[in-house]
Amino acid sequence: MLLAQVLLNGLLLGGLYALMALGLALVWGVLNIVNLSHGAFIMLGAYATYFLFAKAHLDPFLALPFAALALFMLGYAVQRGILNLVIRGPMFNTLLITFGLEVVITFLAQFFFSADFRTINPGYAGTNFDVGGLTIPRIQLMAFAIAIGLTLGLWAFLLHSRPGRSIRAVSQNLLAAQLYGIEPRRIYAITFGLGTAMAGVAGGLYGTVSQINPYIGTALTAKSFVIAIIGGLDNPLGVIVGGLFLGLAESLTALYIGPTYTDVASFGILVLVLIVKPTGLLGRTA
Amino acid sequence: MTRRTRRVLVTLAIGLPLLAALPWIASPVVVQFGINMLIMATLAQGWNIIGGYTGYSSFGNSVFFGLGAYGVGIAMAQFEQPFWIGLGLGLLLAVIFALAIGLPVLRLKGHYFAIATLGLAEVVTAIVSNVPIAGQNVGLVLPLLKSDVLFYELSLGLLLLATLTVFWLSRSRFGLGLIAIRENEEAAAVMGVNTTRYKILAFMLSAALTSLAGGVYAYYITFIDPAGAFDISLNVKMIIMAVFGGPGTVLGPVAGALLLSVLSEVLASKVTNIAGLFFGLVIIVAVVLMPRGLADLLQKFRRSGWRYFAQNIRSHRL
């Protein structure tokens with residue numbers, strides 16, 4: 001029974017992990033930018049949700065669309081105003097510049113929001129369902145459902161909508177896409193904005209299940225890497241697999257080996273996957 | 001003697017005696033700052049070998065630093081051995097580690113190599129936090145040696161060693177092989193460069209220099225713990241300093257480290273609360289305006305003037 005409960009908790013956590021990594025994988029796959037500031041955007045999403053909840057007394061789940069919109073606009077502006085300036089430079093420079101962004105965002109968050117821990121605690125926090133002897137925490141279940149729903153939604157968006165097709169077109173062949181009248185500066189900005197919007201929602205959900213402060217970003221970026229690498233960058237469904245895999249691996253490691261070893265497990269998996277199959281467990285063969 | 005060789009030698013001839021004499025003329029605070037600065041410059045130079053010359057942006061160099069620090073820590077705190085033995089132990093650990101992980105990891109390219117080394121750094125940190133002989137999470141306390149002058153000269157010696165190594169690289173067949181790998185690995189292999197062996201040797205060389213700096217630093221601060229010794233932001237700092245100065249050049253990383261150290265020190269003392277913000281902004285502005293570092297700026301600015309910055313943006317924007 002303990003094992004079943006641990007597996008369930010791992011799965012629920014894994015759904016949230018998937019959403020966290022979704023934006024990172026999208027931006028990486030389409031723009032070839034490894035966004036080291038991804039976790040900082042997750043952190044901003046968490047704060048946006050927190051302030052809408054604490055100051056405007058909005059239910060955190062209703063606050064999520066607003067957080068997503070705010071983060072979309074921020075991401076759009078960052079790509080248009082800064083990242084588009086260096087995107088054709090050496091790949092390493094985009095890595096550095098997003099690190100610089102992370103430093104700036106974290107600093108500003110700490111400056112304006114203070115370093116205090118915050119929690120998003122609606123009245124129904126801590127309520128559970130009991131299903132066949134298993135305890136299902138209500139908030140975790142809602143977070144899981146939203147995370148999986150959004151990931152599937154993004155997948156459908158990329159496959160079927162016009163902007164989604166444009167995004168796939170620029171990622172497959174930039175020049176050909178331009179010849180067909182796609183304006184890459186805008187599409188790149190939209191893609192990055194979508195990535196940060198997903199990060200924003202992930203942050204809001206993270207805030208409902210965990211404490212937040214301005215420094216949570218770095219660790220979340222690292223986790224997102226692990227998930228994106230495990231799942232591969234080819235399609236958004238990969239991050240669901242990667243997220244669930246990581247959630248389960250962490251829970252099982254904590255149960256059988258010890259909570260201090262979860263990082264060994266998750267980053268060990270990362271390194272192994274990279275060495276054995278760098279395109280991800282689900283990815284194309286190189 | 002080429003112009004470049006002469007420039008390196010002249011810089012060394014003027015800079016070295018000045019730097020070496022510093023502890024006798026400057027205040028203790030300046031000397032302590034100097035030690036940190038010299039160690040950072042050594043780390044930037046060590047990263048320059050694998051990141052700048054070979055083109056493999058390693059995030060695993062903080063592991064080499066940590067292994068060097070733990071070599072000294074374990075030898076001195078657990079076995080009461082002299083410092084030199086510890087330095088050797090750390091060096092050995094780092095070089096063996098570079099060899100062992102280099103083989104699988106150096107096959108990865110671009111972002112994938114960077115992230116694999118980042119993952120390895122996390123794994124090693126987590127493992128060391130669980131190893132009893134390394135003091136687990138608590139860390140190790142080393143015997144105290146209160147001689148900043150000694151540490152200063154030791155760090156200066158290390159930086160000199162690292163810079164001379166890179167200077168040799170820049171002129172040797174081995175170094176040219178590394179540059180060839182950076183520019184086009186397939187072409188290098190076709191031209192007869194044993195790319196696997198070259199990359200691993202470069203990684204080991206980088207590891208050796210970095211671990212020595214870690215060992216000296218551990219003895220200097222007399223306390224090490226996993227979070228401090230394997231700090232990934234230290235790795236990011238090495239990269240920023242090397243890239244700011246000019247990766248793949250002999251003096252660029254040193255200049256970048258000296259300049260950024262002085263800048264952040266001055267800022268931290270003058271405007272404490274926005275120093276962190278400034279550091280991030282410098283990175284962003286530097287990547288946009290001078291993506292090839294100070295060395296390239298100095299070289300081309302004379303010819304193009306202020307247009308240099310506009311040219312950089314124009315050639316890299318979408």
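What percentage of the 318 residues of chain B count as buried? The share is 52%, where a buried residue has 20 or more other C-beta atoms within 10 Å of its own, an exposed one 12 or fewer, and a partly exposed one a count in between, with C-beta atoms placed from the backbone.

## Basis of the model

This is a predicted model, in which local features need pLDDT of at least 70 and side-chain atom pairs count only at pLDDT 80 or more, while totals for chains, interfaces and linings use all residues. Residues are numbered from 1 along each chain as its sequence is written, and chains are lettered from A and ligands numbered from 1 in the order in which they are written.

## Chain A as a whole

Chain A has 11 helices and 2 strands. Helices (H or I, at least four residues) and strands (E, at least two) are DSSP runs, numbered from the N terminus. In order from the N terminus, the elements of chain A are α-α-α-α-β-β-α-α-α-α-α-α-α. The radius of gyration of chain A is 19 Å, close to the 19 Å from the globule rule for 286 residues, so chain A is as compact as a globular protein of that length. The radius of gyration is taken over C-alpha atoms, and the globule rule is 2.2 Å times the number of residues to the power 0.38.

Along the principal axes, the C-alpha atoms of chain A fill a box of roughly 60 × 45 × 35 Å. Of its 286 residues, 54% count as buried. Two residues are in contact if their C-beta atoms, placed from the backbone, lie within 7 Å. Among the contacts in chain A with a separation of 6 or more, 77% are between residues 24 or more positions apart.

## Chain B as a whole

Chain B has 15 helices and 2 strands. Its radius of gyration is 20 Å, close to the 20 Å that the globule rule gives for 318 residues, so chain B is as compact as a globular protein of that length.

The C-alpha atoms of chain B fill a box of roughly 55 × 50 × 40 Å along the principal axes. Of the contacts in chain B between residues at least 6 apart in sequence, 75% join residues at least 24 apart.

## Where the chains meet

The contact between the chains takes 38 residues from chain A and 36 residues from chain B. On chain B, the elements that each supply at least two residues are α4 (83–105), α5 (110–128), α11 (232–245), α13 (275–289) and α15 (307–316). The largest share of this side, 12 residues, comes from α5(B).

Sorted by class, the side of chain B that touches chain A has 25 nonpolar, 9 polar and 2 charged residues. Here Ala, Val, Leu, Ile, Met, Phe, Trp, Tyr, Cys and Pro count as nonpolar, Asp, Glu, Lys and Arg as charged, and the others, Gly among them, as polar.

## A helix and the core

Helix α11 of chain A (residues 262–276) has 15 residues and reaches 21 Å from its first C-alpha to its last, close to the 21 Å expected at 1.5 Å a residue. The expected span is 1.5 Å times one less than the number of residues. Its buried residues include A:F267, A:L270 and A:L274. The buried residues of α11(A) pack against α9 (217–231) and α10 (237–256) of chain A, together with α5 of chain B.

A nonpolar core is a set of buried Ala, Val, Leu, Ile, Met, Phe, Trp, Tyr and Cys residues joined through C-beta atoms within 7 Å. The largest has 209 residues, and A:L16 and A:L19 touch the most other members. The largest share of this core, 16 residues, comes from α1(A). Leaving out residues up to four places away in sequence, A:L19 touches A:A147, A:L150, A:T151, A:M198, A:V201, A:A202 and A:L205.

## Single residues

Most residues other than glycine have a negative phi. A:N32, in the loop between α1 (2–31) and α2 (38–54) of chain A, has a positive phi near 55°. B:T222, in the loop between α9 (195–221) and β2 (223–224) of chain B, has a positive phi of about 60°. A:N32 is partly exposed, with 14 other C-beta atoms within 10 Å, and B:T222 is partly exposed with 16.

B:G293 is in helix α14 (residues 293–304) of chain B and counts as buried because it has 23 C-beta neighbours inside 10 Å. B:G293 and B:G246 are 47 residues apart along the chain, and their C-alpha atoms are separated by 4.1 Å.
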